[in-house]
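Let us take a friendly walk through one protein model, from its overall build down to a few single residues. Please have a look at the picture first.

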Amino acid sequence: MFLNSPVIDSLGIIAGNGVYPLELARNARAAGVVRVHVAAFDNETRPDLAALVDSIAWLRVGQLGKLIAFFKKCGVKEAIMAGQIAPRNLFDLRPDFRTLLLLGRIKERNAESLFGGIADELAKDGITLLPATTFLEQDLASAGHIGGPAVKRRVIEDLEFGYRIAKETSRLDIGQTVVVRNGTVLAVEAFEGTNEAILRGGKLGRGAAVMVKVSKPKQDFRFDVPVIGVQTLETATEAGILAIGVETGKTLLLEGKKVIAEANTRKISIHGIG
């Protein structure tokens with residue numbers, strides 16, 4: 001189950017919102033990680049994560065120096081980013097001195113450059129940022145039918161079309177999710193996020209649209225992994241989405257068994273493509 005995961009004594013988790021950090025902590029324990037230490041963020045990280053780990057430090061977004069000092073004190077040599085930070089908190093950034101130095105060095109302040117800079121800062125203090133799929137490899141999307149009803153040929157054609165479009169929009173760093181119906185693009189994810197794009201597209205699709213989520217051509221899986229979870233299925237149900245296309249081997253089905261069970265219950269197809 002964890003054949004590709006490293007042997008780690010003390011793991012650091014940089015925990016964003018949602019269930020992702022909790023699932024990572026559980027799987028890391030199952031893989032034999034002895035101690036888990038969490039850098040958590042106010043108004044983002046779920047408080048119940050504290051019960052699953054050895055120590056937790058609550059920070060504001062932008063306190064990079066404090067985060068690194070906490071990990072060094074705990075003997076962390078490997079860390080994983082898990083869960084998103086809401087865009088509103090990124091715009092409410094109150095950087096400490098180390099973060100200010102980082103921001104002064106990067107030319108484009110997009111997610112990729114910011115998180116890449118954070119990885120570089122961690123490395124300066126001997127902390128390696130691992131891929132965010134570490135300990136969760138078993139939940140990466142497989143090819144073909146994954147859950148829900150089997151898809152018809154016309155739906156597969158829409159999923160394949162959506163895959164091509166999403167690959168292009170992600171290459172342009174616009175968004176990694178699209179909603180389509182009968183070969184027509186109804187919505188493209190932008191700054192508003194996946195769920196809002198699904199709702200916009202689903203409204204136009206009137207119960208006959210599909211959504212597709214892909215990785216970027218040069219995705220850095222240390223901090224940017226396409227994820228489908230139970231919440232995605234809840235939103236898809238609200239939007240009237242028929243099927244969800246996910247990129248094979250590169251999209252994480254968070255809490256995979258629950259996701260498949262929900263897909264079966266809600267009669268939403270999940271199909272691995274690419």
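## What "buried" means here

A residue is called buried when its relative accessible area is under 20%, and exposed when that value is over 50%. Keep these two cut-offs in mind, and remember that this is a predicted model.

## The chain as a whole

Nine helices and 13 strands make up the list of elements in this chain. The radius of gyration is 19 Å, close to the 19 Å that the globule rule gives for 274 residues, so the chain is as compact as a globular protein of that length. Along the principal axes, the C-alpha atoms fill a box of roughly 55 × 40 × 30 Å.

How much of the chain is buried? Buried residues account for 52% of the 274 residues. The contacts tell us about the fold too: of those between residues at least 6 apart in sequence, 75% join residues at least 24 apart.

## Surface and charge

The chain has an accessible surface of about 12900 Å², and carbon and sulfur atoms hold 54% of that area. Turning to charge, there are 35 positive and 31 negative side chains. The centres of these two sets lie 1 Å apart.

## A look at helix H6

Helix H6 covers residues 153–171, which is 19 residues.

Which residues of H6 are buried? Among them are Val-155, Ile-156, Leu-159, Phe-161 and Tyr-163, and the list also includes Asp-158 and Lys-167. The cover over the buried residues of H6 includes several strands: S7 (177–181), S8 (184–188), S9 (209–213), S11 (241–247) and S13 (269–273). After H6 comes Asp-173, which has a positive phi near 60°.

## Two loop residues with positive phi

Phe-135 sits in the loop between strand S5 (128–129) and strand S6 (144–147). Its phi is near 75°, a positive value in a residue other than glycine. Arg-206 also has a positive phi, near 50°, and is likewise not a glycine. Arg-206 belongs to the loop between helix H7 (194–205) and S9.

Is each of these two residues buried or exposed? Phe-135 has a relative accessibility of 0%, so Phe-135 counts as buried. Arg-206 has a relative accessible area of 75%, and therefore Arg-206 is exposed.

Definitions and conventions. Residues numbered from 1 in each chain as written. Predicted model: local features only at pLDDT ≥ 70, side-chain atom pairs only at ≥ 80, totals over all residues. Heavy atoms only, no water. Helix = DSSP H or I, 4+ residues; strand = E, 2+ residues; numbered from the N terminus. Rg over C-alpha atoms; globule rule 2.2 N^0.38 Å. Buried < 20%, exposed > 50% of the residue type's maximum accessible area, 1.4 Å probe, protein only. Contact = heavy atoms within 4.5 Å. Areas by Shrake-Rupley, 256 points an atom, 1.4 Å probe, with all protein chains shown as cover. Lys, Arg positive; Asp, Glu negative; His and termini not counted. Charge placed at Lys NZ, Arg CZ, Asp CG, Glu CD. Expected span 1.5 Å × (residues − 1).
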